[in-house]
Structures are given as structure tokens and as C-alpha cells.
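This report describes a predicted model. It looks at one residue and then at the interface between two chains.

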Amino acid sequence: YGCSIRVPLVAAVLIQRWYRRYMARLEMRRRYTWNIFQSIEYAGEQDQLQLSGFFSFMLDNFTQLNGNGPDLISQLLEPVVDPWLDREICYNLIPVPESYTGPRLSFPLSVSDTNALLAAFKDQQILHARYVLQLLYETKKLLKQMPNIVHLSTSYTNEITICGDLHGRLDDLLLIFYKNGLPSAETPYVFNGDFVDRGKKSIEVVCLLFAYLLLYPDYMHLNRGNHEDHIMNLRYGFTKEVMQKYKTHGREILQLFQDVFSLLPVATVIDGKILIVHGGISDQTDLDFLSTIERHKCLTWNSLCSVPPPAPPQHDREWKQVRGADPAPPPPPPKWRGPPSAPFHLLSSLREVGDILWSDPKTHEGWSPNTFRGRGCYFGPDVTRRLLLQHGLQLLIRSHECKQEGYELCHGGQVITIFSASNYYEEGSNRGAYIKVGRELLPRFYQYQVSRATRKLTLTQRYNR
Amino acid sequence: MMKNKQRSEPVVPDVHKTIKAAFEAFDYESNNRVDVREIGTIIYSLGCFPTQADLHDKNSRDSPVQVEDQTGCINLEKFLPAMTKVLMEHKFPSVPEDLLLQAFEVLDKENKGYLEPEQLAKYMTQEGELFTQEEMDEMLTALADHENNRVYYKDLLNQWTIDPDM
């Protein structure tokens with residue numbers, strides 16, 4: 001560029017080159033910031049790896065013992081108070097003062113109750129502890145009747161709307177309801193886990209979801225996420241929020257929440273073709289086996305083992321990464337479980353639920369332990385292909401990871417990530433999205449982003465009976 | 001990021017560190033691989049001004065844009081030495097800022113101090129290393145003065161030529 005530019009062509013080139021460089025720098029800065037946010041997000045979760053290593057050591061040694069070994073493991077693994085059992089919660093005895101201006105729910109719930117809840121939460125009110133407890137008590141009763149995997153059909157409903165992580169973002173939930181409609185026979189929903197933690201309105205979000213679940217059990221479906229869990233809640237804010245908002249009855253409320261969380265179904269299937277789980281899958285995932293487990297026993301404390309259960313003597317199992325270059329990938333190892341009451345069965349359940357709630361898809365083939373999170377695994381397109389084929393499915397919808405556009409496809413379109421908390425890392429970091437599927441089973445994506453303007457809109461929403 | 005030190009020569013270990021840092025930002029699976037579509041962003045962010053031809057040159061031995069057969073990605077193993085060479089030898093030389101100003105002034109034939117968006121769009125999408133429609137829309141949305149329907153290019157210059165401290 002020795003001489004000055006006279007020709008528009010050269011001028012254009014210079015401008016184009018500078019512009020592209022400028023945009024690249026912006027993109028690079030955005031990437032760095034995103035990576036920092038993600039590291040901070042997952043750094044805490046990696047601590048559990050330490051504990052899991054200790055735990056596996058214990059398990060390895062105990063399982064060698066004859067007779068006593070299995071019992072000791074069961075004691076160690078099963079929760080102190082079985083979530084299945086009824087707790088002595090006397091919500092009836094909790095007085096609600098005259099001065100309380102919040103919603104007074106009456107069970108069974110009706111549309112006026114859910115409308116009252118919506119209005120109250122938009123108005124920053126707090127639902128009285130007595131009603132929270134009663135809501136949770138009724139939800140627990142309902143969930144006990146549900147299977148581990150819920151099957152839906154589009155022949156009885158209109159399009160089904162599928163939402164991802166909300167993480168206590170009430171504004172996003174309200175925006176979804178505003179854009180898409182409240183849950184009803186015309187507008188059935190599946191919420192794919194992670195309703196609580198991190199955001200400031202986890203209680204409001206989850207109470208609304210449970211209320212609609214009670215109101216329309218056929219049109220409202222909730223999957224468990226990895227944050228519907230006592231240890232995660234301790235660490236990531238839900239426990240704190242409950243204790244702050246409910247100073248007298250916080251503990252009771254938390255206990256009931258944990259029971260309810262452990263009873264949430266772990267998967268939903270639409271038309272036998274679309275599988276919806278919170279995290280993902282592993283090569284061990286077997287939907288038939290998953291239907292038989294006792295899901296309320298699969299809690300974090302006992303699912304810290306991220307290693308496979310002790311292998312029966314004749315098989316040698318190892319963590320393997322199968323490269324795409326291999327001409328014929330080896331067949332998956334046989335899934336030996338043992339009888340349902342045996343500790344191996346429980347260990348397998350723990351591991352499978354862990355995989356369902358924690359795994360992430362990756363582009364390279366094969367699978368490996370998810371060292372980033374300390375639980376679940378990374379699964380490649382071949383794992384997806386195999387599972388979908390095995391069960392006659394055509395699509396896996398999952399959440400668990402924040403995506404800039406609110407959704408992302410991978411594995412040749414066989415996996416969709418859907419994430420519904422906009423501005424998750426910071427104002428403007430990402431959009432939220434939801435999916436709608438109808439009878440033709442083609443997903444359609446709807447995006448949004450919460451802002452001051454949208455908050456004003458949803459506050460003045462009128463909702464119909 | 002590497003500051004534009006044209007007087008002192010960069011030291012190789014520092015160069016390696018800088019290149020790796022930029023590469024890692026797009027290595028989503030921590031397997032030293034980056035989608036070939038992101039490589040332009042990485043090269044630009046390292047202070048270079050590659051041409052479009054440079055960015056699509058998969059054939060020259062020394063090109064940093066060589067794609068791995070199996071994965072369709074760029075591997076750090078090949079990228080690092082090739083990109084180091086690029087930086088040490090100033091292969092994609094920078095365009096000085098005053099030339100950028102002159103470039104705009106050439107397009108602004110009547111010396112108005114601004115360009116009409118349609119005018120700029122015509123040049124960008126029909127001359128030189130053509131913008132895609134998407135790039136054009138993006139540029140105009142972000143940069144045009146929407147009230148007066150003008151692009152004040154001196155302001156653009158300031159924005160584009162700031163060396164962000166990364």
C-alpha cells in the first residue's frame with residue numbers, strides 16, 4: 001500500500017478487511033467472557049469428583065466381603081428417611097393470619113388458584129408457608145403415582161411445548177406463558193428440569209410449575225434435572241432462598257421439596273419417538289431398565305459414584321474412547337445388573353440416573369467420563385445413534401447447557417439442546433428458547449430475551465379462564 | 001493479545017502462548033481442535049489482516065488453514081507452527097489506520113464526511129472481497145446513524161482501530 005488509494009476496489013478491500021477484523025475481535029472477546037462464565041459455573045461441581053473417588057474406593061473394598069458387604073453398602077447408599085414415606089407434615093395446624101394478603105389456595109386446585117398465584121408472584125408476594133407445604137404434599141402424592149418415564153401422545157393433545165432450564169428465573173417463565181399461553185389442554189407443556197438454583201425466584205418458579213401440575217396432570221409434565229437435588233440446592237442457592245423467605249417453616253419446606261424432587265420422573269417420551277431427558281445419555285442407558293428402578297432412591301449423596309459398578313468376573317470393562325477411524329466399533333458391554341434388591345442393581349440405577357441428569361453431547365465418537373462436571377459422561381453421535389435405533393426413537397431433546405441462541409442442534413440433528421433462561425450469565429449473554437412439536441414431530445423453535453420492556457408486558461398480561 | 005509492536009520482534013515462546021490462548025477459546029471440547037469456520041476469527045484476533053484467499057488456502061504447505069481429514073477440523077499441532085511463521089514473517093500484513101481513512105474518503109467522492117448506507121452497501125457487496133448479505137445487514141444495523149440514514153465513517157474508524165486489551 002505504498003501509494004495512496006485511488007481505486008474504489010482497493011478502498012473496498014481495505015474497508016472489508018478492517019471490518020472483518022473488528023468483528024473477529026468482538027467475537028473473540030465474547031468467547032473469552034463466555035468461557036470464564038462457564039468455568040466459574042462448573043468449578044464448584046468438580047469438587048464432587050474428590051468425594052466420588054473416596055466413595056468408589058469404599059465401594060470397591062466393601063463389595064469384596066461376603067454377606068456383610070452388600071448390606072453395608074445398602075445402608076450407606078439409601079437415604080436416611082425414605083422420600084417415599086409420608087412425613088408428618090401438619091400443614092393444617094399452621095395458622096394463616098388475617099393480615100396475610102397473599103393467595104389462599106384451596107385443594108384440589110382450580111384455575112382461580114393458579115391465576116391468584118400468578119398475580120401474587122408478579123406482585124412480589126410470598127406464598128404463605130402453609131400453602132407451600134400443602135402444595136408440596138399434594139404434589140408428592142401425585143408424583144408417587146407416576147412412572148419413571150412418562151409417555152405422551154400428540155393424538156390427544158395439540159402441539160406440545162418443551163422448555164429447558166429455568167433456574168429460578170420467574171421473568172423467563174412469565175414471558176414464556178405470555179408468548180405461548182398458560183398450561184391447558186390446548187397448550188400442554190414439558191419442563192425439562194433445573195427449575196431452581198442460581199436465580200432469585202426459584203420458589204415462585206417451582207410453585208407455579210407444581211400448581212399447574214396439580215391442576216392439569218395430563219397437560220403439564222416435569223422432568224427431573226440435576227439441580228432438583230439436595231446437595232446442589234445447598235450449594236447453588238435454593239436452600240438459602242427457602243430459609244430466607246420462610247424463617248419459621250424453612251426446614252420442613254426443604255424436606256418436602258427434596259422428597260418431591262426425588263419423585264420427579266426422569267424422562268418423557270412423545271409418541272414413542274422423541275426422548276426428553278435433562279442431561280443426556282451414555283452407552284449404558286437402557287430405557288427398559290430405567291422404567292424399573294426406584295427413582296426416589298437415586299439422590300446425589302449416593303450417586304457420587306461415577307465409576308461403573310464392579311464388573312462380573314468374566315468381563316473386563318474399561319473407559320474407552322472409540323475413534324471414528326475404527327472400522328467396526330466393538331459391541332457395547334453386556335449390561336449385568338443382578339436382581340432388583342441387590343446392591344449392584346442400586347448402583348446401576350444410580351449410575352444410569354446420573355448419566356441421564358448430567359451427561360453432555362460431544363462431537364467426537366465414543367463416550368468418556370464427564371470430568372468437567374464430575375458426573376455423567378460425554379456421549380458422541382454414535383452413542384446417540386445406537387440408543388435411538390435400539391428404542392425406535394428419532395430425536396433426543398435435552399437441556400443442561402446454556403446456549404447463546406437458547407437452543408442448539410448436534411449429532412446431525414438427532415440431539416437438540418433447549419435452554420430457557422435468557423441472560424443467564426449476564427444481561428445480553430444469551431436468548432432463551434422453547435420448542436413446539438405437533439403430530440408431524442417436527443420441532444419448531446421460539447426464542448426470546450427478558451428485558452425491561454418484556455417485564456412490563458408480562459406484568460399486564462391478562463389471562464383467561 | 002499481541003500489541004502492535006512494529007519495532008521490537010516478538011519472541012517465539014510468547015508467540016506460542018498467544019496463539020494457543022486464541023485457539024483454546026474455540027476449542028470447545030478441549031481436544032486441540034477447532035472448527036475450520038472459526039479459524040478466520042482466530043487469525044484476525046492475532047492482529048493479522050489475511051485476505052479471503054489466505055483464509056481459504058488449504059493447499060499451501062505453510063498455510064495455517066489446513067484441515068484434518070477425519071475430523072474436518074484444524075488441529076493445533078499444525079496450526080501452531082504455521083501461525084507462528086505467519087506472525088514472525090508478517091505474512092498477513094496490517095493495514096495502517098490512515099489508509100483506512102483514505103479508503104473511506106475515496107468512496108465519499110463529494111467529501112460529505114459520511115456515506116449513504118445504500119452507497120456503502122453497493123461497494124461492499126459488489127467490489128473487492130465481497131460481503132455476504134448477512135455481513136452487510138449486520139454492519140449497517142450496528143453502524144449506521146439510523147436517524148439521519150448516514151454512516152459517519154470517522155466514528156467507525158475510531159471504533160475499529162482501538163486495540164482492545166484482551
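## A buried lysine and a chain interface

Lys362(A) is buried but forms no salt bridge. Its nearest side chain of opposite charge belongs to Glu401(A), 4.8 Å away. A salt bridge requires the nitrogen and the carboxyl oxygen to be within 4 Å, so Glu401(A) does not qualify as a partner at that distance.

Lys362(A) sits in the loop that joins strand E7 (360–361) to strand E8 (367–369) of chain A. Setting aside neighbours within four places in sequence, the contacts of Lys362(A) include Tyr378(A), Phe379(A) and His411(A) in its own chain. Lys362(A) also touches Tyr28(B) and Glu29(B).

The next topic is the interface of the two chains. In the contact between them, 48 residues come from chain B and 31 from chain A. The table lists further values for this interface.

| Feature of the interface of chain B and chain A | Value |
|---|---|
| Buried area | about 3,900 Å² |
| Share of the buried area on carbon and sulfur atoms | 67% |
| Salt bridges | two |
| Residue pairs in polar contact | 12 |

One salt bridge pairs Arg20(A) with Glu135(B), with the closest N and O atoms 2.9 Å apart. On the side of chain B that touches chain A, the elements giving two or more residues include helix H1 (12–24), helix H5 (97–107) and helix H7 (133–143) of chain B. H5(B) supplies the largest share, eight residues. By type, the residues on this side of chain B are 29 nonpolar, 11 polar and eight charged.

Technical notes:
Residues are numbered from 1 along each chain as its sequence is written. Chains are lettered from A and ligands numbered from 1 in the order in which they are written. This is a predicted model: local features need pLDDT of at least 70, side-chain atom pairs count only at pLDDT 80 or more; totals for chains, interfaces and linings use all residues. Side-chain values use heavy atoms; hydrogens and water are left out. Contact means heavy atoms within 4.5 Å. Buried area is the accessible area (1.4 Å probe) that two parts lose on being put together, summed over both. A polar contact is a pair of N or O atoms within 3.5 Å; within protein, one must be able to donate a hydrogen and the other to accept it, and residues adjacent in sequence count only if both atoms are side-chain atoms. Helices (H or I, at least four residues) and strands (E, at least two) are DSSP runs, numbered from the N terminus. Ala, Val, Leu, Ile, Met, Phe, Trp, Tyr, Cys and Pro count as nonpolar, Asp, Glu, Lys and Arg as charged, and the others, Gly among them, as polar. Buried means under 20% relative accessible area, exposed over 50%, partly exposed in between (1.4 Å probe, protein chains only). Lys and Arg count as positive and Asp and Glu as negative; His and the chain ends are not counted.
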